[in-house]
Amino acid sequence: MSEITVGIILIVVLLTLLGGGVWVGLTLAGVAWFGMELFSSRPAGDAMAMTIWSSSSSWTLTALPLFIWMGEILYRTNLSENLFRGLAPWVNRLPGRLLHTNVLGCTIFASVCGSSAATCVTVGRMNLPEMRRRGYPDAQIIGSLGGPATLGLLIPPSIILIVYGVAAETSIAKLFIAGVMPGVLLALLFSGWLAGWALLHPDRVPESAEGHLPLREKLHESRQLIPVVLLILGVIASIYTGVATATESAAIGVIGAFLLSAWQKSLNWQSFRDSLLGATRLYCMIALILSGAAFMTLSMGYIGLPRQLAEFVGSLNLSPGMLLVVLSIFYIVLGCFLDGISTIVLTMGVVLPIIQAAGIDPIWFGIFLVITVETAQITPPVGFNLFVLQSMTGKEITYLARVCAPYFGLMVLMLFLLWYFPELATWLPGHM
């Protein structure tokens, strides 16, 4: 039987299991077992046991539950309430005024939790009613939440960068640092878009109720927010300077989150228990997906599909630029139906040999891939951020997709900038 026929059979099995509502991790393991039993001579049972154990016991993976726990702890502090109050005084002079608190709030909270959906919920829960009350247009409020919330996938510590690093066997510390400049630039592009819109429609931006505060009062309003920002910068700095590995910096982040929670008097037995259980549930879900993906990668290797596909793509003689265009379209389409983590682990075993054969830096490609996956978070029919916004606003998916469309365009622009200026992702890791 040809490899193409085998590939089609496995894709049909995969889609059937996913369509039947089977968990992604179990689906990946099931397809891998099916493929190995039918199309290779290697017994599937012992291969599955050894692969799942080795993938789930990786020391590199330890950073993942720790960073998730850090986010869960800070999620249960007063951070969401402090975001708007702490940021509002600093943006009153900018065109668009308080709309920028959505971008800044998402950028800060993205650094805390690493989750796009959680960022959207947390920032939106505080900012959405507050800005509606002040008379800001719904389209701009919602769009400036949906787009910037995707920064949760890119700005370190990012869950999806850890997943990519484990799947691609690439340095997580370098991936974290590589995401800093593109993440900040993307946030500036979002704010630039809001400023440009405000300059074109000055009559639709309400006047500030607070007026212009002196620096001392701005710092006073931001007093609860500054420690969180310092914690995030400390975690990133500890990785960049080499003082701590990604896992050690995650442990530092957890300790810092506990200290902040105690300082804000939000640390008690209930919040400790909820944060621990929340982190455990999320990590178990991700670990199951990673284990299934590792077994699937092994299975595909025995069947020979990645090699055949890499040879096929190589025979097309695509330039690296054209290859990235094809992969971007593929990931955006795939991301319309799967979440970002599942998308990456599902495809990495096949895509990575193609990338390596094309001579593309895996660190750079990791950032390129995450930004591509970000765009799918606001792309119907299964844009996760669109579902979150729908539950918060009651608006139709088509309306939400329309108001988020400019941010989709800005992320596509960011992909072009990353291609023409690869140093955006490679300069900082090169100086570690």
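**Close-up 1. Asp-138 and Lys-395 join their side chains in a salt bridge, with 3.4 Å from N to O.** Asp-138 belongs to helix α8 (residues 138–146), while Lys-395 sits in the loop between α20 (384–393) and α21, so this pair ties together parts that are 257 residues apart in sequence. Lys-395 is partly exposed, and its relative accessible area is 27%. As in every view here, what you are looking at is a predicted model.

**Close-up 2. Asp-138 also meets Arg-132 in a salt bridge, at 2.9 Å from N to O.** Taken together, Arg-132, Asp-138 and Lys-395 are linked in a network of salt bridges.

**Close-up 3. Arg-273 and Asp-274 form a salt bridge through their side chains, with 3.9 Å from N to O.** This pair still qualifies because the cut-off for a salt bridge is 4 Å. Arg-273 is partly exposed at 39% relative accessibility, and Asp-274 is partly exposed at 25%. For your bookkeeping, the structure holds three salt bridges.

**Close-up 4. Helices α19 (residues 362–376) and α21 (residues 397–420) bring their axes within 9 Å of each other.** How do the two helices run relative to one another? Their axes cross at roughly 165 degrees, and α19 and α21 are therefore roughly antiparallel. The crossing of these two helices is left-handed. On the α19 side, the contact is made by Trp-364, Ile-367, Phe-368, Ile-371, Thr-372, Glu-374 and Thr-375. Facing them from α21 are Phe-408, Met-411, Met-414, Leu-415, Leu-418 and Trp-419. Sorted by type, the residues of this contact comprise ten nonpolar, two polar and one charged.

**Close-up 5. Arg-97 has a positive phi of about 45 degrees, although it is not a glycine.** A quick reminder for anyone checking backbone torsions: most residues other than glycine have a negative phi.

**Close-up 6. Glu-169 is another non-glycine residue with a positive phi, here about 55 degrees.** You will find Glu-169 in the loop between α9 (159–168) and α10 (172–178). Is Glu-169 buried or exposed? Glu-169 is exposed, because its relative accessible area of 76% lies over the 50% cut-off.

Technical notes:
Residues numbered from 1 in each chain as written. Predicted model: local features only at pLDDT ≥ 70, side-chain atom pairs only at ≥ 80, totals over all residues. Heavy atoms only, no water. Helix = DSSP H or I, 4+ residues; strand = E, 2+ residues; numbered from the N terminus. Buried < 20%, exposed > 50% of the residue type's maximum accessible area, 1.4 Å probe, protein only. Axes fitted to C-alpha atoms, helices over the stretch in contact; angles between N-to-C directions. Parallel < 35°, antiparallel > 145°, perpendicular 65-115°, else oblique. Left-handed = near helix turned anticlockwise from the far one by under 90°. Contact = heavy atoms within 4.5 Å. Nonpolar A, V, L, I, M, F, W, Y, C, P; charged D, E, K, R; others polar.
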